[in-house]
Amino acid sequence: MTFLDYAPAPESTAILTLKPSYGLFIGGEFVAGRGSPFQTISPATEVPIAEIASANAEDVDDAVKAARLAYETTWSRLSGADRGKYLFRIARLVQERARELAVAESLDNGKPIKESRDVDIPLVAAWFFYYAGWADKIDHAGLGANPRALGVAAQVIPWNFPLLMLAWKIAPALAAGNTVVLKPAETTPLTALLFAEILQQADLPAGVVNIVTGAGSTGELLVNHPDVNKVAFTGSTAVGRAIARSTAGTGKKLTLELGGKAANIVFDDAPMEQAIEGIVNGIFFNQGHVCCAGSRLLVQENVHDEVVERLKLRLSTLRVGDPLDKNTDVGAINSRAQLNRIRELSTVGEDEGATRWSPECVLPEKGFWFAPTIFTSVSTSHRIAREEVFGPVLSILTFRTPAEAVAKANNTPYGLSAGIWSDKGSKVLGVADQLRAGVVWINCFNQFDPASPFGGYKESGYGREGGRHGLAAYLQAADTNSVATITQIKKAQSK
Amino acid sequence: MTTFEEPAVIVTPPHTLAPAQRALALIGGDLTEKSLRLHLEGLSGVDAVGLEARASALGTRSIKNASKVRALDTIIGLIDLTTLEGADTPGKVRSLVAKALAPDAADPTTPRVAAVCVYGDMVSEAVRALGSSHAVGSDSAGLNGAVNVAAVATAFPSGRASLAVKVADTAEAVVAGANEIDMVIDRGAFLSGRYGLVFDQIVAVKEACRRADGSHAHLKVILETGELTTYDNVRRASWLAILAGGDFIKTSTGKVAPAATLPVTLLMLQVVREWHRLTGERIGVKPAGGIRTSKDAIKYLVAVAETVGEEWLTPQLFRFGASSLLNDVLLQRQKLSTGHYSGADYVTMD
Amino acid sequence: MTRLAVTKTYKLYIGGKFPRSESGHVYEILDSNGAFLANAAKASRKDARDAVVAARAAVSGWSAASGYNRGQVLYRIAELLEGRRAQFISEIQHSEGVSEAAASGQVDAAIDVWVWYAGWADKYVQVAGNGNPVTGPYFNISTPEATGVVAILAPQGSSLLGLVSVIAPALVSGNTVVVVASALAPLSAISLGEVLATSDVPGGVVNVLTGLAAEIAPWLASHGDVNALDLAGGEELDWIELQQLAAETLKRVRPPEPGIAAPTIERITFFTETKTVWHPKAMI
């Protein structure tokens with residue numbers, strides 16, 4: 001045995017007490033669903049974890065009614081300060097149950113425990129803390145004095161950061177004074193249901209947050225329910241497009257956080273060791289199940305060979321395996337369906353003539369696994385350079401000048417994020433200015449913070465989550481004409 | 001019996017080329033102050049936040065059970081057990097050597113440390129105390145229980161003396177039997193951009209490490225990273241020290257805070273890896289000062305293993321410059337073998 | 001004997017030029033009493049396409065200009081409008097059938113709206129942007145910037161003020177515009193084009209199409225190179241279908257707004273994208 005074969009260091013699951021089955025969380029209670037229940041499984045072992053209720057149209061209607069009732073009778077009548085206190089309570093409870101939530105997340109999602117423990121769950125608590133403080137300060141959200149809540153928010157979240165996406169959605173919605181019906185992803189409902197228990201512990205008024213589980217059809221019922229005022233969706237561009245279509249003309253305020261194909265641009269004057277780390281973090285963090293993943297590496301041609309050589313060395317030290325082992329760097333792919341898509345696109349990459357490489361690693365027999373993979377000799381026209389793989393697959397392209405880097409980076413219908421690596425200040429700021437992407441990480445990647453607005457250009461969606469901008473997405477101005485200051489206009493209008 | 005295997009002897013001695021040749025092979029052209037400066041200042045920069053984040057991530061590795069047993073014994077075998085006090089006496093040095101040879105009086109399976117590290121005037125006392133356990137040459141520390149004697153030299157810790165004094169300081173220690181010389185660079189010269197001067201001094205000291213039979217005492221070059229302050233400086237100084245013929249690059253004297261840190265050590269390991277990638281030569285790294293607990297030391301082992309590879313975890317290529325670390329490792333080792341937490345009274349003071 | 005009037009044919013304004021419609025079609029503009037006023041070009045889908053091409057080509061220059069510069073260029077338009085008051089008043093009087101005082105009031109208001117928006121060009125970023133206090137050693141800033149090409153359906157009623165109230169806010173941040181003028185009263189829009197052509201606004205920044213919005217708008221709503229759609233004057237159209245067409249490329253869509261859009265900073269920021277930039281901070 002060598003030192004590097006670290007002995008297994010499994011996180012104990014003893015801290016986690018799960019029920020054999022979970023109902024829907026409506027009006028402050030767990031209730032049976034009227035659809036056919038389904039199993040949520042651990043993608044690392046394919047072993048069932050719990051049975052989950054499925055919400056049908058009547059269940060969704062009940063949930064929206066509960067949210068409407070809570071909005072009208074309770075939540076909209078509370079002071080901002082009191083709303084904030086509930087959110088502070090929730091933040092604290094998340095911190096107190098952090099280890100349990102991290103274990104549940106890794107079990108249900110397949111992500112390494114070090115990520116759920118060190119990234120996801122701490123950010124969940126941070127998100128509630130941040131927006132808790134906003135609840136009594138919404139006059140400063142940028143919409144003028146006395147902005148109003150929208151009403152009932154329908155929120156549909158993805159499986160890549162289950163509890164974190166829940167926090168991104170629920171915290172600002174409640175701070176702004178809305179009530180919520182949230183649908184977690186079909187493959188990762190577990191932490192949302194544990195979160196429902198936290199809401200009971202926090203004594204949050206019934207109906208302020210309702211959680212309905214189910215497949216895509218449940219989400220469709222929810223966003224198209226006539227009595228919701230706000231729709232917030234994070235997921236694929238295809239579904240986002242369908243939601244934009246189906247909510248057209250309804251007046252529902254819409255926030256969409258969709259796909260991406262981020263360019264990670266490495267210049268020859270980059271801090272190279274950190275750039276290599278940033279490339280790895282950019283695409284292999286969370287198995288590449290990240291909408292803002294740096295999946296297109298654009299390397300300046302004169303350092304291409306060096307970067308690829310060093311990248312391969314670094315990838316050889318990544319540990320793929322049991323998500324609950326504290327030393328695991330890359331966990332399981334979230335579902336068989338996703339695994340099939342990653343496999344298919346990788347095969348296409350080879351067929352199109354790109355060169356495929358993976359480090360040697362032994363993958364477990366059960367469960368859904370895909371070795372970290374890089375493609376060299378990729379052209380801008382290859383599908384792996386254009387389509388979102390949403391997996392641990394990196395496409396490497398080259399450029400010669402900053403202008404070419406920018407042109408290649410922007411040559412996509414997406415525009416969520418981008419990375420720039422260079423030690424030259426004027427160049428990184430100049431390039432950042434030119435990139436059509438909502439988040440630009442210079443000499444870093446995949447950084448998230450509740451105070452920092454996140455969201456995309458073009459087909460990556462619209463609206464921002466995080467910061468003051470994220471709060472404004474759940475508010476409307478008290479009087480949309482209040483900014484009109486020119487009396488002559490009023491006069492002209494009256495004539 | 002210890003549970004770890006004997007470290008393999010390294011294949012390529014790192015000093016097959018004379019310093020000037022080694023530098024020229026990499027820089028090309030003439031070796032001038034200007035070419036040296038262009039080379040060092042052309043190295044890619046270090047982003048402090050990214051470096052520290054990577055170091056911190058390496059620090060979260062969880063080392064359990066068999067891996068931990070192996071890690072603890074490895075740490076002991078990599079320690080330069082050190083005493084560098086104005087109050088050092090022959091008695092103190094003899095005591096240090098006794099501890100080096102039998103770190104845990106209650107457990108003879110405990111491995112020996114790699115070296116004892118003392119001031120130059122104490123070398124002969126240390127050699128005498130080690131007796132037949134004193135290693136021969138420079139590459140045999142850790143083999144068959146052999147222990148090296150390392151001497152700090154060159155007007156340690158400040159380095160503020162003439163080159164003649166530094167060379168004499170070094171030569172005396174080598175004659176007295178030091179297997180290794182821990183020299184300090186002239187930080188003032190480095191910080192004022194006189195890279196050529198620093199280079200020449202390292203070359204001269206390296207020459208002073210030559211023994212009568214033509215072999216060299218190993219040269220560890222102390223950068224005193226706490227005075228260089230920036231990571232870019234540490235990277236340049238590491239590179240400079242290697243170009244000039246250093247066998248090891250070492251973080252600190254232990255007399256300046258901060259001494260060794262994980263990010264600085266990681267950075268130096270990255271330089272060493274890069275040198276190996278470009279030349280095939282293996283250079284050693286020695287973090288010194290400030291590493292007091294097994295938990296911290298294990299983080300360094302992880303950094304070595306995941307940056308340059310496990311083959312670096314031998315006394316020929318990695319050392320801890322430490323004194324109090326040893327006892328903490330022994331306490332942890334006792335805990336692992338007995339299953340109970342041990343106490344300070346169950347390990348010897350020195 | 002009265003002088004025989006010279007009637008004017010109003011052409012399109014695309015890429016800084018005044019082409020006839022590619023289709024060769026015109027339609028008659030009548031005054032409020034139903035008498036012939038002028039012929040206007042009836043834009044086709046190909047004219048819409050040309051307008052988008054011109055608008056896209058103008059984005060990089062206009063959005064890269066400094067806020068101070070854009071502000072001055074926009075202010076210059078107000079100066080030019082002031083100089084052409086008589087023409088605009090006369091056109092509004094005839095096409096809307098309002099009194100001279102009302103027409104004059106509308107021109108005054110339109111000029112004041114230009115001035116109000118012109119002043120925002122070098123300020124809205126400060127008001128709508130943020131320095132973000134993130135947890136960690138990072139410089140973090142969010143700033144809005146132009147979204148790109150904005151297609152606008154101008155209000156049908158107020159021919160100058162309504163038009164200005166939807167064009168100006170889109171221009172402030174550096175967007176370029178393709179506007180479909182009021183079908184019944186397009187004269188002010190074309191005359192505004194003539195003003196723009198002699199101003200410092202680069203060709204392609206504003207493109208004016210006249211004709212039937214119901215024919216042109218679907219091509220703009222579904223166009224892959226249009227970033228946003230302002231349905232301001234589209235309440236009489238099947239605007240929900242337009243919004244659905246726009247959903248195919250996830251355009252930012254602003255619903256119809258009957259009457260005259262009030263001047264707000266929200267009208268500026270609606271057509272912007274917020275970009276958040278991170279950079280590490282360190283002393284060592």
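**Note on a predicted three-chain model**

1. In chain C, strand S1 and strand S3 (residues 36-41) run parallel and are joined by two bridges. Strands here are DSSP runs of type E of at least two residues, helices are runs of H or I of at least four, and both are numbered from the N terminus. One bridge partner pair is Thr9(C) with Asn39(C), the latter lying in S3(C).

2. The model is predicted, so local features need pLDDT of at least 70 and side-chain atom pairs count only at pLDDT 80 or more, whereas totals for chains, interfaces and linings use all residues. Residues are numbered from 1 along each chain as its sequence is written, chains are lettered from A and ligands numbered from 1 in the order in which they are written, and side-chain values use heavy atoms, with hydrogens and water left out.

3. S1(C) and S3(C) belong to an open sheet of three strands, ordered S1-S3-S2, with mixed pairing; two strands pair if DSSP finds at least two bridges between them. Strand S1 (9-10) and strand S2 (26-30) of chain C are the edge strands, each pairing on one side only.

4. Between chain A and chain C, 49 residues of chain A are in contact (heavy atoms within 4.5 Å) with 47 residues of chain C. The buried area is about 3800 Å², and carbon and sulfur atoms give 56% of it; this is the accessible area (1.4 Å probe) that two parts lose on being put together, summed over both.

5. Three salt bridges are counted between chain A and chain C, a salt bridge being a side-chain nitrogen of Lys or Arg within 4 Å of a carboxyl oxygen of Asp or Glu. One of them joins Glu273(C) and Arg464(A) at 3.5 Å, N to O.

6. Between chain C and chain B, six residues of chain C are in contact with seven of chain B. About 500 Å² is buried there, 73% of it from carbon and sulfur atoms. Pro280(C), Ala282(C) and Ile284(C) supply 79% of the area that chain C buries against chain B. The salt bridge count for this pair is zero.

7. The second largest pocket holds about 1300 Å³ of space. A pocket is an open set of points on a 1 Å grid over the protein atoms alone, where a 1.4 Å probe fits, with protein on both sides within 12 Å along at least five of seven lines; lining residues have an atom within 4 Å of a point. H3(B) gives the largest share of the lining, eight residues.

Methods: Grid points are joined across faces, edges and corners, and a volume is the space filled by probe spheres set on the points.
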